[in-house]
Amino acid sequence: MANHQKRVPENVPGDFFVDSTCIDCDACRQIAPKVFGQAVQTSFVHSQPSTADDRRSALHSLLSCPTGSIGALGSDDVKSVMPDFPLPVEPPVYFCGYTSPKSYGGNSYFIQHAAGNWLIDSPKFVLPLVRQLEKLGGVDHIFLTHRDDVADAQRYAAHFHSRRIIHREELSAQPEAEEILDGTGPWELAPQFLAISTPGHTQGHCVLLYDGRFLFTGDHLYWDRNEHQLAAYRDYCWHSWSQQTESMQRLSRYSFEWVLPGHGQQVFLTRTDMREQMQRLTVAMRTS
């Protein structure tokens, strides 16, 4: 639980606050941007929630914080919002919340599918979320974009008897994975599910394109809220920026509408706008 005595000074007065254990992962700012903002290396409450919806979103952020750095001093029943998870992106795609410190607060997603449900990267293994996923039919497949965001994938796989999918270059992070991707792909994992190799952030990084619309991008690509454009993290490129740039160029040939990242803001754009954004980003990466 967050400690009121450690609240960061940027918080405005009121029930909700962020304390000094915050790791600046961005999860709360994605979920409740009307409430949480960014200071230097920390989130903070820039505006106390003024509506019931904003308050509920703030509680979603509290539950999703990987380090328990968000506090609420009011009379809110936090347990009452637990059944909201996973939160809808656009059904059948959902955001899991409950981010894990093992993946530095990385996002994970759930797809409800008639031929078997999918988890993309892994949230924290917590019983409230597990019970909700059980109600939705369990998890048959776990697609892991790369080594950084596996979090509690092994526990989810053991609980749901899921098949984990990961590239061989990332296998040391999940050595008992049931399905290993080799080479440069792309790989049709099932109808509507296409894995695409995007080395750069890490050597074996991959993204997943679902239904030709939803691109789960791991740490390859995200939406920059401040600049209102697609972006990539050069400062957090652990393997090769030049390879990541080439991967972005190849990925720009695909058509999709949603970017759903492991870290950073999700976004929906028209296919035309998305293509223009991808082309602009590739040029920017080549000249940076």
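Modeller: A cavity is a set of points, on a 1 Å grid over the protein atoms alone, where a 1.4 Å probe fits but cannot get out, and its lining residues have an atom within 4 Å of a point. Rolling a probe the size of a water molecule over the atoms shows where empty space is left. This is a predicted model, in which local features need pLDDT of at least 70 and side-chain atom pairs count only at pLDDT 80 or more, while totals for chains, interfaces and linings use all residues. Residues are numbered from 1 along each chain as its sequence is written, and side-chain values use heavy atoms, with hydrogens and water left out.

Biologist: How many cavities of 30 Å³ or more does the structure hold, and how much space lies in the largest cavity?

Modeller: There are two cavities of 30 Å³ or more, and the largest contains about 90 Å³ of space, a volume being the space filled by probe spheres set on the points, which are joined across faces, edges and corners.

Biologist: Which residues lie closest to the centre of the largest cavity?

Modeller: Its lining has 15 residues, and Cys22, Cys25, Cys28, Cys65 and Ile70 are the closest to the centre. The lining divides into nine nonpolar, four polar and two charged residues, where Ala, Val, Leu, Ile, Met, Phe, Trp, Tyr, Cys and Pro count as nonpolar, Asp, Glu, Lys and Arg as charged, and the others, Gly among them, as polar.

Biologist: Which residues line the second largest cavity?

Modeller: That cavity, with a volume of about 40 Å³, is lined by Ser252, Tyr254, Ser255, Phe256, Arg271, Met274, Arg275 and Met278, of which four are nonpolar, two polar and two charged.

Definitions and conventions:
On a 1 Å grid over the protein atoms alone, a cavity is a set of points where a 1.4 Å probe fits but cannot get out, and a pocket is an open set with protein on both sides within 12 Å along at least five of seven lines; lining residues have an atom within 4 Å of a point.
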